[in-house]
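Take a walk through chain B of the structure shown here. Keep the sequence at hand.

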Amino acid sequence: MTKATDRFTDPSPDQTAQPPDNSLASSAEPAPARSSKERNPLGELKGNMVLAGVGGQGIITASNTISFACMQAGLDVKKSEVHGMSQRGGTVVSHLRFGPEVHSVMLEPEQAEWILGFEWEEGLRFLEYLKPGGVAFVSTERRIPPTAQADRRGGRVDYALESAPPDGVVPIDTYAIAGDAALERPAIAQTVLLGALSVEMGLPVEIWKEAIAATVPPKTVEANLVAFENGRSWYKRWKQDTAGSKGQTVLQANGSKKSYESIPGSGGGKAVDASRTTIEAWRGGIPKVEIVRDWCKGCNICVAVCPERVLSLDRFDIAVASNPDRCTGCGLCARLCPDMAIEIWLDVPTHLGASTE
Amino acid sequence: MKIEVNTSPGAVAKEGASTKKAVSKEMNSKRISESSKDGKDRASDSKVAVSVGPTLNGSDGSIKHEVSLLSGNEAIALGTWHAGAGMAVGYPGTPSTEVLEYIAKITPESDVYVEWSTNEKVAMDVAMGASLAGERVIMTTKHVGLNVAMDSLMTSPFIGVNGGVVVFNADDPGMHSSQNEQDNRYIARFAGVPLLEPSDSQEAYDFTRAAFALSEQWDTPVILRTTTRVSHSRSKVVPTSPESRREGEFRRDRRKYVMLPANARVRHLAHLERLAKLEEWAEEVPFNREEMRSSSVGVVTSGISYQYVRDVLPDASVFKLGLTFPLPKERLKSFAAKVDRLFVVEELEPYLEEALILFGIAAQGKEFFPRYGELSPHLVRVGFQSAGVLEAPRGQDGPSGTSSPASSVGPRFPLLCAGCSHATPFLVLRELDAVVAGDIGCYTLGATEPLASMDTCLSMGSSIGMAVGLAKAGNTGGRPVVAVLGDSTFLHAGIPPLIEAVHREANMTVVILDNGITAMTGGQPHPATSMTIRGGTAPRVDIPAICKAIGVSSVTVVDPYDVGATRRAIENAVAKQGVSVVVTVRPCVESPVKSRGPVYYVDTDRCDGCQLCMNLGCPALIWDMSLDVMPKRVRIDAALCSGCTVCAQICPQGAILPTSKRVSVSEAVSSISSSSGPTERGR
């Protein structure tokens with residue numbers, strides 16, 4: 001008779017305990033003042049959050065820290081993790097829920113009180129999970145994926161570089177706030193987010209510090225605690241300085257920029273400059289490839305070197321621009337052509353009505 | 001809620017197991033049971049130690065923490081050890097990989113023999129052998145891996161077990177990291193073996209321990225099935241007191257173990273008789289439970305879907321199945337009779353729904369809940385809304401219908417790592433415009449822009465076989481046929497098709513990308529890695545020698561960081577008649593150790609923005625937006641650059657230079673080779 005089967009014959013409280021109600025979906029914002037309960041003053045806390053970023057940013061460690069803190073407070077915790085292919089430079093997202101009893105680990109849209117964005121665009125990506133009135137702490141660190149730089153002509157970047165942060169988003173320059181240690185170990189910068197979160201979550205600071213000490217690499221505990229404290233005090237000041245915010249942390253597109261930068265001791269954190277517009281794409285025309293057929297001997301060099309595979313040999317073994325729209329005008333083919341049969345014309349007016357320079 | 005408690009035959013383990021109570025591994029079981037009786041408040045007692053992940057208290061193997069936040073896979077690993085299993089085998093595959101890794105991490109070597117197998121079928125056979133020798137054994141695989149093991153799995157219940165055999169199978173609905181999403185519950189029904197489905201980490205632990213006992217009790221392997229969200233979500237686990245390693249020995253029984261037709265006929269009958277008994281037993285098992293609440297709506301569900309249903313419909317009555325084969329016909333009927341409307345909520349196929357129809361129970365399922373992808377609380381809610389159980393959302397739009405900034409955020413796809421040794425071969429193949437039959441691994445990303453030079457990806461090892469077909473059919477427009485696969489994949493299922501290629505004289509080239517590790521799943525050793533899962537040394541299989549022994553006349557070994565040599569090697573191989581093999585050898589940049597050479601930078605005066613380097617798809621190469629020139633220049637992110645030198649080699653302007661002075665590219669290549677010497681595993 002194994003103990004494992006004992007569990008079925010002797011139903012554990014795990015299975016018998018019922019939640020008082022299904023109030024997770026409608027949980028109120030956590031209030032640190034809610035300490036009237038005798039048995040466990042923290043036992044009624046509950047909340048949901050989404051942690052998102054790019055692989056290697058320490059998202060799993062951060063979610064471990066939060067989970068540990070919740071468990072120390074006697075709460076049930078569940079969290080999801082990401083493994084496998086999605087780690088190869090792709091999005092990493094973890095849902096984390098805590099409360100007296102948690103069923104599903106996955107959240108529904110508009111169910112999260114908080115979002116922790118470890119990377120700017122990844123933080124914005126999951127805003128659909130944010131409750132109205134919730135807070136998204138988003139690092140201003142930007143990791144622009146190569147796929148966002150696929151435009152080969154003007155250097156346009158398909159990324160929310162400078163767009164104004166939407167309502168509920170608190171942009172945090174984690175590197176600047178974290179302290180010097182973050183320059184050597186970037187993961188430490190993200191602990192600033194935990195510091196900011198701790199202001200809203202309602203768990204005692206001691207539990208947080210214990211959780212950090214238990215979950216980060218031993219060598220970095222001190223630096224992480226500094227980053228945590230810095231993040232905590234930065235966010236407290238930020239809350240004070242954003243005027244008229246009664247628990248509602250809404251960053252106005254223009255108005256708050258000033259107060260954000262004027263926060264004393266914010267470590268020189270750069271604000272997200274909401275007034276700047278997205279980077280202009282280069283409106284240069286499509287370059288024209290001209291090949292003198294009589295001079296081409298079909299050596300194939302240009303076909304092989306073209307980064308954009310613009311050229312190919314036709315059935316007479318003469319080079320032709322078979323994908324002229326993809327030409328970026330780099331001129332590599334023209335320079336390498338042993339017969340000087342290729343000319344690239346950059347100043348061709350295009351349908352965009354603009355020309356180069 | 002009322003839990004039906006039945007002391008069933010299944011709950012009674014074999015006497016043999018009970019006599020071997022753990023003494024050496026005796027934990028403080030009294031403390032555990034006390035703390036677990038506190039229920040949800042147990043962790044609020046500050047004396048209860050908690051942990052995230054399994055943490056051990058030294059060499060005696062005792063568990064330090066009473067409450068651990070474990071992933072489903074970690075819980076299964078712990079359960080396997082605590083069940084007294086002496087062996088754990090499998091092949092890595094998301095989302096199943098972590099089970100063996102955690103067994104290797106938490107168990108002492110004397111307790112469990114744990115090792116990656118060459119493929120899933122080998123693992124299944126090793127498991128059956130170990131079982132006959134008296135060990136309790138777990139075999140781990142992802143859903144498509146079980147296809148590979150099917151041959152042995154189908155006959156395994158005929159032979160039966162000595163020590164318990166648990167086949168741990170992790171399905172991947174939503175295809176987070178898979179080539180298909182198949183519902184392997186059908187495989188349990190097909191093979192006629194019991195199927196357990198946990199819905200959180202505690203159940204994963206409990207079911208694993210119970211599965212070993214069940215396997216021995218019913219003389220058949222037992223399948224333990226999870227899905228991604230069960231395997232990769234963390235929830236609390238309270239372990240129970242462990243058993244010591246099972247003792248047993250091989251006893252000759254040829255009528256039972258040798259599946260000659262004469263024996264197999266007898267054993268098939270025994271198998272069918274057992275199935276009939278299993279069906280009766282299923283009515284009483286404690287793995288299934290009826291939770292009666294409101295009688296208006298009843299839901300039959302299992303696995304992770306149970307959690308979603310509890311969140312979305314807290315008042316509904318639920319029949320939660322933990323044993324999903326065989327199903328408890330009578331109990332389901334009686335549950336159906338107690339509710340007005342009966343629903344089935346399950347991920348992927350209508351497996352339970354079909355069973356209910358066969359039982360003559362009217363239930364609705366797939367008309368409201370999708371048959372593909374992952375379920376989510378949101379999809380379950382939408383399903384119950386369309387069924388009229390829940391009211392439709394107040395606005396016209398659901399929460400997801402509102403315009404969110406997410407729609408303006410660009411996609412972020414997985415990429416080959418900075419410095420990945422797979423990039424160069426794909427650059428060459430793109431240039432050759434070859435028809436490339438691909439395979440499964442990191443390098444499948446070679447099919448995406450900008451490398452974009454892979455044309456097929458079907459299943460493990462399929463590249464070589466498909467290339468034989470492509471080459472033999474011959475209609476490739478004069479383009480050469482090339483098969484590309486990794487080292488682990490080659491050993492997994494690439495050798496038989498290479499034999500086929502040689503024997504059939506197919507005109508094709510095989511490029512084996514040898515990075516010395518199973519990289520896609522996080523860096524597991526394989527037979528051509530001179531390393532065991534526990535970090536010890538192991539004999540290494542020689543891949544080029546295998547190719548030569550099969551009869552490939554042209555086998556070239558090349559360093560993919562040397563762009564020119566790689567290009568020449570592949571070009572020459574493609575030009576040859578018959579089968580040629582190119583093995584590109586360079587350790588993975590990420591595992592088992594991160595390799596970092598001198599970082600490179602772009603001389604902006606020399607760079608003319610041709611972006612040839614960006615065709616490598618290296619995440620370290622980015623557009624420099626700060627320069628006020630058009631076109632923009634390329635910049636190298638020093639934090640990501642591994643110093644592989646490949647971009648420096650292909651830059652037509654010679655604009656990419658090492659940050660450390662006076663190092664030529666060839667010197668840099670050789671310095672990487674020597675600096676990574678100790679990690680190169682004898683290549």
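In chain B, the centres of domain 1 and domain 3, taken over C-alpha atoms, are 32 Å apart. This is a predicted model: local features need pLDDT of at least 70, side-chain atom pairs count only at pLDDT 80 or more, and totals for chains, interfaces and linings use all residues. Residues are numbered from 1 along each chain as its sequence is written, while chains are lettered from A and ligands numbered from 1 in the order in which they are written.

The contact takes 16 residues from domain 1 of chain B and 17 residues from domain 3 of chain B. (Two residues are in contact if their C-beta atoms, placed from the backbone, lie within 7 Å.) On the side of domain 1 that touches domain 3, helix 4, strand 4 and helix 6 (143-159) of chain B each give two or more residues. Strand 4 of chain B gives the most to that side, with three residues. Helices (H or I, at least four residues) and strands (E, at least two) are DSSP runs, numbered from the N terminus.

The domain assignment places domain 1 of chain B at 71-234 + 241-282 and domain 3 of chain B at 423-585. Such bounds come from an automatic or database domain assignment.

Now look at strand 3 (residues 87-90) of chain B.

Strand 3 of chain B pairs in the parallel sense with strand 4 (residues 113-116) of chain B, over four bridges. Strand 3 of chain B also pairs in the parallel sense with strand 5 (residues 137-142) of chain B, over four bridges. Pairing requires that DSSP finds at least two bridges between two strands. B:G90 stands opposite B:W116 in strand 4 of chain B, and its bridge partner in strand 5 of chain B is B:T140.

Next comes another sheet of chain B. Five strands form an open sheet in the order 15-16-17-19-18, with parallel pairing. Strand 15 (435-437) and strand 18 (554-558) of chain B stand at the edges, each with a single partner strand, so one side of each is left without a neighbour in the sheet. Five bridges join strand 18 of chain B to strand 19 (residues 579-585) of chain B. There, B:V555 has B:V581 as its bridge partner.
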